[in-house]
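Visitor: Could you walk me through this one while I have it open on the screen?

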Amino acid sequence: MNYLRKLILFLCDALLLFAVAMLLAAFSTRYNLTDAVSRGQFAPHMLLLFVCTMSFQMLFRNYDSVWRYAESREYLSLLTASILGFAAYEVATRFIFHSDMIAFLLLTAIFSVWVLGMLGLRITYRVILAHQLYRRGNHRIPVSIVGAGAAGVQLLEELRNNPDSRYSVQCFFDDDPGKRGKRIHGVPVRGAVRDIPGKLASLKIQEILVAIPSTSETRRQEILRELSGLHIKVTVLPGTLELIRQKPIRAQLRDVQIEDLLGREPIQLNPAPVDAFLGGKTVLVTGGGGSIGSELCRQIVKHDPKRLVIVDIYENNAYDIQQELLYKYGGRLDLAVEIASVRDVERLQQLFARYHPDVVFHAAAHKHVPLMEQSPQEAVRNNVLGTLNLVRTADEYGVSKFIQISTDKAVNPTSVMGASKRLCEMILQSMKGRSTTDFAAVRFGNVLGSNGSVVPLFKRQIAAGGPITITDKRIIRYFMTIPEAAQLVLQAGAMARQNELYVLDMGRPVKILDLAENLIRLSGLTPYQDINIVETGLRPGEKLYEELLIASRDIEKTENDQIFIERQPAITPKELEEKLAVLYAALEKNDPSVIRGALHQVVPTFHEPEELNREQGREVHIPKQEPPAASPAKVLPFRRRAAH
């Protein structure tokens with residue numbers, strides 16, 4: 001089919017050349033306008049002209065071009081080949097025919113009309129195709145593109161020329177004043193981004209495509225916030241770094257992720273310290289199949305460890321990350337996967353004796369707050385005693401560094417899970433001066449996209465037609481992405497010293513209600529009309545908001561301005577043993593209320609959530625985003641007041 005297309009175009013150009021030459025020669029002879037070549041020599045001249053001109057067209061590979069997508073370079077190539085072809089004929093005829101030549105005026109006329117004819121043929125072809133696409137476009141979704149730069153124009157061309165495209169581009173919006181009021185490939189630039197709300201209704205746009213990959217993350221977030229209130233679906237072209245993957249531009253369009261609205265730049269950390277930290281080391285990751293653990297494994301292997309050992313009690317998760325890494329790295333990666341529980345001391349001894357890890361990342365834990373409220377004995381056995389087993393084994397086998405994954409819920413905990421993680425931090429603190437191993441904990445907030453996190457839940461609820469459920473409209477949280485969390489852990493591990501607790505400056509907190517409303521809007525729906533938001537009440541152990549991790553006076557900066565060290569009061573081995581004795585005694589009774597009371601006894605900062613939430617309900621505030629006033633009565637479902 002491709003060969004046939006080339007042949008047809010070649011024959012069209014050749015027939016056009018002969019037709020133009022014959023008509024102009026006859027016209028000039030009839031009216032004696034030029035000294036045309038004698039009739040007996042006209043055929044050889046035409047044969048030579050054909051050979052010269054068509055040879056240069058073939059040499060420039062003009063018949064390999066797909067003219068439906070042609071740009072200025074293809075048309076310039078066509079013109080250049082034509083000029084060189086006629087010039088070659090002019091030189092060759094002087095050697096072959098000597099003085100018997102076609103008059104220069106006639107030759108110029110033939111060249112001009114032939115080139116115009118070839119251009120007209122190709123433009124007609126494109127017009128016919130455009131008309132066909134336009135007729136098909138009547139059934140397409142009318143869209144507008146935000147960004148009339150290179151990416152926006154490229155997106156326009158692909159959406160317009162791709163027969164499988166579902167979109168018909170109606171207009172551009174761009175902040176560049178030099179483009180406003182102009183047309184790009186026939187599509188008008190209607191105005192700046194701020195003009196979209198005023199012009200959208202008259203344009204009958206159903207979706208907005210944001211194609212500004214080179215803009216700053218801050219500006220992108222500002223634009224998305226402006227668009228989020230328009231009750232129209234928004235689709236985003238990824239950033240510049242993602243564009244270099246050479247995927248078709250339409251395939252790279254993605255629905256807006258809630259990460260786009262978090263109000264801060266993604267955290268980028270220097271990989272060099274981690275290269276030195278992990279390169280050539282044997283690294284063991286507990287909970288390596290979980291959300292954080294698996295991302296740790298993905299990033300660890302980028303730093304060329306000698307061996308990676310994944311330990312997890314859940315075989316399905318462990319198998320998934322094993323297959324993913326083997327598929328990507330194959331024989332280049334020395335990978336071991338072990339099914340084991342951190343509760344089993346003998347099994348841990350066996351693994352450490354077999355692999356002798358240099359670095360341990362401890363991500364295995366029970367983390368779901370409401371579930372641990374119902375089963376506090378499991379939180380103590382797995383989180384606290386499991387960490388104790390692992391710490392002692394790491395000390396015994398001379399591990400160089402031990403990094404504990406902690407949480408912001410360990411700050412003034414109101415839940416069993418948070419209290420258990422605070423106890424894990426205390427276990428690491430008790431090892432100060434008693435071990436050659438550097439023990440450190442890394443504390444961060446909620447992780448977007450992790451198992452049980454709020455954003456996937458909201459998306460599922462929107463897909464099901466709603467409602468979205470939130471526990472309390474006043475709740476605010478700090479968020480980070482899974483890759484950011486894993487990077488922080490690795491960076492902290494690289495700089496870790498004896499018994500330090502690392503925390504991250506995660507920027508401004510985010511209201512869960514705002515997340516829910518914006519996600520609905522950016523799905524092209526209207527909150528409280530298309531999708532309702534229902535308040536279900538705080539879950540057991542849940543706070544209204546997590547405390548700022550870097551608000552303490554006992555915070556020190558590190559060489560990385562986004563990572564801080566929090567100084568905690570020292571805990572002696574004797575104090576730890578006394579706390580553990582209280583927990584062991586409570587576990588023997590196997591009574592959840594007794595275990596909860598024991599946690600209050602051994603973790604002085606452990607408060608009941610009702611007490612803390614009463615204070616937080618009066619104090620919670622986000623600059624420029626004041627939350628609604630608390631109401632003693634819950635209304636299901638509720639609507640936000642107009643003042644907010």
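Guide: What follows is a conversation about the fold, its sheet, some helix contacts and a few backbone details.

Visitor: Before we start, what should I keep in mind?
Guide: This is a predicted model, in which local features need pLDDT of at least 70 and side-chain atom pairs count only at pLDDT 80 or more, while totals for chains, interfaces and linings use all residues. Residues are numbered from 1 along each chain as its sequence is written, and side-chain values use heavy atoms, with hydrogens and water left out.

Visitor: OK, how many helices and strands does the protein have?
Guide: The protein has 22 helices and 22 strands, where helices (H or I, at least four residues) and strands (E, at least two) are DSSP runs numbered from the N terminus.

Visitor: And how much of it counts as buried?
Guide: Of its 644 residues, 52% count as buried, and here buried means under 20% relative accessible area, exposed means over 50% and partly exposed lies in between, with a 1.4 Å probe and protein chains only. Among contacts with a separation of 6 or more, 77% are made by residues 24 or more positions apart, contact meaning heavy atoms within 4.5 Å.

Visitor: I see a sheet. What is its strand order?
Guide: It is an open sheet of nine strands with mixed pairing, in the order β10-β9-β8-β11-β12-β13-β18-β22-β21, and two strands pair if DSSP finds at least two bridges between them. The twist averages 25 degrees from one strand to the next, taking axes as lines fitted to C-alpha atoms (for helices over the stretch in contact) and angles from 0 to 180 degrees between N-to-C directions.

Visitor: Which strands stand at the edges?
Guide: Those are β10 (335–339) and β21 (555–557), each with a single partner strand, so one side of each is left without a neighbour in the sheet.

Visitor: What about β18, which strands does it pair with?
Guide: Strand β18 (residues 500–504) pairs with β13 (residues 438–444) in the parallel sense over four bridges, and with β22 in the antiparallel sense, also over four bridges.

Visitor: Is β18 buried or exposed?
Guide: Five of the five residues of β18 are buried, so this strand is largely enclosed by the rest of the structure. In a regular strand the side chains alternate between the two faces of the sheet. Both faces of β18 are covered, with Glu 500, Tyr 502 and Leu 504 buried on one side and Leu 501 and Val 503 buried on the other.

Visitor: Which helices lie across the sheet strands?
Guide: One of them is α18 (residues 482–495), which lies across β11, β12 (401–407), β13, β18 and β22 (563–566) and runs at about 150 degrees to β13. Another is α13 (residues 345–355), lying across β8 (282–286), β9 (307–312), β10 and β11 (359–362) at about 170 degrees to β10.

Visitor: Switching to helix pairs, how do α15 and α21 cross?
Guide: The axes of α15 (residues 376–396) and α21 (residues 592–602) come within 8 Å and cross at roughly 50 degrees. That makes α15 oblique to α21, since angles under 35 degrees count as roughly parallel, over 145 as roughly antiparallel, 65 to 115 as roughly perpendicular and the rest as oblique.

Visitor: Which residues make that contact?
Guide: Pro 376, Gln 377 and Val 380 come from α15, and Pro 592, Ile 595 and Leu 599 come from α21.

Visitor: Now Ser 82, what does it touch?
Guide: Ser 82, which is found in helix α3 (residues 72–96), touches Gln 57, Phe 111, Trp 114, Val 115 and Met 118, not counting residues up to four places away in sequence. At 0% relative accessibility, Ser 82 counts as buried, and Val 115, in helix α4 (residues 104–137), counts as buried at 8%.

Visitor: Last topic, where is the cis peptide bond?
Guide: The bond from Gly 466 to Pro 467 is cis, with omega near 0 degrees, and Pro 467 lies in the loop between α17 (454–463) and β15 (468–470).

Visitor: Which residue has a positive phi of about 70 degrees?
Guide: That is Tyr 528, although it is not a glycine, and Tyr 528 is buried, with a relative accessible area of 12%.
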